[in-house]
Number of protein chains: 2
Amino acid sequence: MRTLNPYTPGEQLNDKRYIKLNTNENPYPPSPNVMETIKDNVNDMLRLYPDPESCELVEALAKAHNVSKDCVFVSNGSDELLAFAFNAFFANKKVAFPEITYSFYPVYCNLYNAEAVKIPMKKDYAIDLEQLTMQACGKVIANPNAPTGELLSNEYLCGLLESDPNNLVLVDEAYLDFAQQESMARYVLDYKNLLVVRTFSKSYSLAGMRIGYAIGSPSLIVALNTIKNCFNSYPLDRLAQAAGVAAIKDQSYYDQINDQVKTTRNRVKAQLEQLGCKVLPSESNFLFVSFTGYSSKDIYTKFREKGILIRQFSYIPRYVRISIGLDSDMDTLVQLTKEIMQK
Amino acid sequence: MRTLNPYTPGEQLNDKRYIKLNTNENPYPPSPNVMETIKDNVNDMLRLYPDPESCELVEALAKAHNVSKDCVFVSNGSDELLAFAFNAFFANKKVAFPEITYSFYPVYCNLYNAEAVKIPMKKDYAIDLEQLTMQACGKVIANPNAPTGELLSNEYLCGLLESDPNNLVLVDEAYLDFAQQESMARYVLDYKNLLVVRTFSKSYSLAGMRIGYAIGSPSLIVALNTIKNCFNSYPLDRLAQAAGVAAIKDQSYYDQINDQVKTTRNRVKAQLEQLGCKVLPSESNFLFVSFTGYSSKDIYTKFREKGILIRQFSYIPRYVRISIGLDSDMDTLVQLTKEIMQK
């Protein structure tokens with residue numbers, strides 16, 4: 001117990017005075033059909049356990065990704081899924097990932113006694129592709145990467161899978177729906193060592209409902225189900241299962257809001273750069289920004305004082321992560337940046 | 001992975017032709033206020049992460065049990081909580097429990113490399129109190145026990161806590177609200193080695209929403225939170241948190257339906273006994289019944305053929321577990337028993 005080092009999530013303040021750009025939530029609401037479906041399921045059936053296998057949701061996801069049902073696994077948010085995957089595939093082994101990435105990965109290493117091989121970033125927080133390819137061990141890649149926003153090509157990832165076919169490559173696509181690239185899920189039958197992890201929290205505007213899933217070859221899914229069934233028979237409640245199914249059916253709504261997020265992201269990136277900020281290329285729903293002349297801590301404090309919450313990491317001295325919000329909120333952020341940078 | 005041996009939950013058929021008496025769900029619906037509250041929370045806020053600490057629910061539970069907030073921990077169902085507790089307190093150690101009890105306990109031992117010390121049952125599946133007290137190691141006691149229904153007195157449990165103060169006693173009170181006995185939660189500040197685990201799945205009719213909780217001294221709660229924060233920042237979704245708070249506020253509704261369950265249980269027990277069944281004393285929402293002359297497997301099959309699902313365990317040759325349902329459904333069960341026993 002004493003050696004465990006928990007993950008710290010972004011602040012979740014119930015204080016509506018803040019513009020909340022710190023935990024990469026979607027600024028747009030879930031689709032009206034999703035909300036209607038949840039309400040329809042609030043009935044006497046809540047007294048009964050949910051389907052332990054979430055069959056309807058698994059089927060809907062299989063159809064959406066054009067894979068068979070035995071290639072799909074669902075979970076209570078993708079963090080639970082990552083925990084199961086580290087437990088199933090990396091416990092007591094080596095696992096490599098970029099040094100700056102989703103900070104829950106080293107926490108899972110710690111929890112399941114995996115040895116974390118942290119690949120140092122290159123200039124401007126770029127992932128060192130050569131170093132990553134050289135590792136003969138499991139690998140975890142957030143694609144796009146967080147908090148930097150960098151997108152690796154599927155071509156690179158396929159090469160990585162081929163270079164070390166006996167070790168798992170876990171591709172965490174939490175933010176992929178904000179990129180111009182298809183999911184690696186299409187390759188799961190080509191590469192038995194590929195596990196793709198996805199979530200409804202970002203692009204489906206359902207962070208509040210906790211739904212994650214994985215696509216992988218059947219043997220990987222069997223392993224995840226073994227861990228799950230040793231842990232909790234019913235990780236997804238009835239309403240989360242129903243919400244997930246409804247969300248998949250309403251893809252056109254989600255395409256529309258996510259296109260808007262991308263448009264806003266590109267616009268704000270250009271504006272911040274014009275004001276003298278350094279902004280890394282981002283294919284996600286956030287920007288990784290350095291405010292020249294200010295430390296990340298100073299900038300976090302300045303924004304917070306003015307009612308905007310952004311994400312600052314103690315181990316990143318210059319850059320902060322800013323989630324893409326509503327256009328009006330981003331205008332406020334740009335205006336504040338102007339005041340700061342022109343002082 | 002190869003050594004893991006998952007838990008098998010009772011069948012969850014979505015087939016309404018069956019009278020479902022196999023997974024100890026409450027036959028009565030959640031309170032109307034709970035359902036109203038859930039619906040009120042189906043709104044744009046679902047795009048945001050839930051409160052990672054479930055503060056409102058923790059506060060409501062603390063108030064209900066008259067303890068401070070730092071004595072309360074909430075989880076995605078009580079199975080997740082049991083998993084965290086086995087991980088935090090029993091990993092790589094010995095833990096004792098009755099041989100016939102909730103069959104997830106040995107699964108957790110397996111998952112977290114704890115050595116299970118299974119105390120053989122006495123005559124008629126009674127827990128061997130003396131043997132349990134003699135164990136100098138962690139202990140897990142479902143009270144009332146499942147699937148037998150036996151209730152141990154709080155006096156005995158206090159003695160157990162005092163006899164081995166350096167080892168944790170986890171009291172799983174999933175079914176206690178169906179007994180005439182107060183929760184052990186009132187003793188958590190007297191005994192630093194007591195952890196009480198409870199659930200909304202049975203007495204609060206919310207199996208479909210996945211809400212569990214623990215009451216224990218603050219140092220135990222800190223340990224559970226450390227594991228939780230290494231695993232999943234947000235295990236309870238927004239609607240589950242809101243449902244839990246609303247359920248606690250509507251205690252009088254739940255007292256009423258659970259009184260009805262107890263009345264039905266006592267009535268059905270007497271009727272089955274009159275028909276020649278052996279029924280163990282039960283302080284829970286199920287009965288543990290032997291149909292004289294029939295194996296548990298035969299009885300399971302006979303009931304299933306007639307549209308009634310009950311729970312049969314491969315390792316229990318004579319007895320089956322029957323959940324208490326609506327009076328009308330129990331009448332059907334009694335009638336069928338009559339036909340079987342009078343053949």
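Predicted model: local features only at pLDDT ≥ 70, side-chain atom pairs only at ≥ 80, totals over all residues.

Reply:
**The largest cavity**

Residues are numbered from 1 along each chain as its sequence is written, chains are lettered from A and ligands numbered from 1 in written order, and side-chain values use heavy atoms, without hydrogens and water.

A cavity is a set of points, on a 1 Å grid over the protein atoms alone, where a 1.4 Å probe fits but cannot get out; lining residues have an atom within 4 Å of a point. The largest cavity holds about 370 Å³. Volume here is the space filled by probe spheres set on the points, with grid points joined across faces, edges and corners. Helix 3 of chain A gives the most to this lining, four residues. Helices are DSSP runs (H or I, at least four residues), numbered from the N terminus. The lining splits into 13 nonpolar, nine polar and six charged residues. Nonpolar means Ala, Val, Leu, Ile, Met, Phe, Trp, Tyr, Cys and Pro; charged means Asp, Glu, Lys and Arg; the others, Gly among them, are polar.

Next comes the second largest cavity, at about 310 Å³. Its lining has 26 residues, with Tyr49(A), Asp79(B), Tyr102(B), Tyr175(B) and Lys202(B) closest to the centre. Helix 3 of chain B supplies the largest share, four residues. In total, seven cavities reach 30 Å³ or more.

Methods: 1 Å grid on protein atoms, 1.4 Å probe; cavity = no way out; pocket = protein on both sides within 12 Å on 5 of 7 lines; lining within 4 Å. Helix = DSSP H or I, 4+ residues; strand = E, 2+ residues; numbered from the N terminus.
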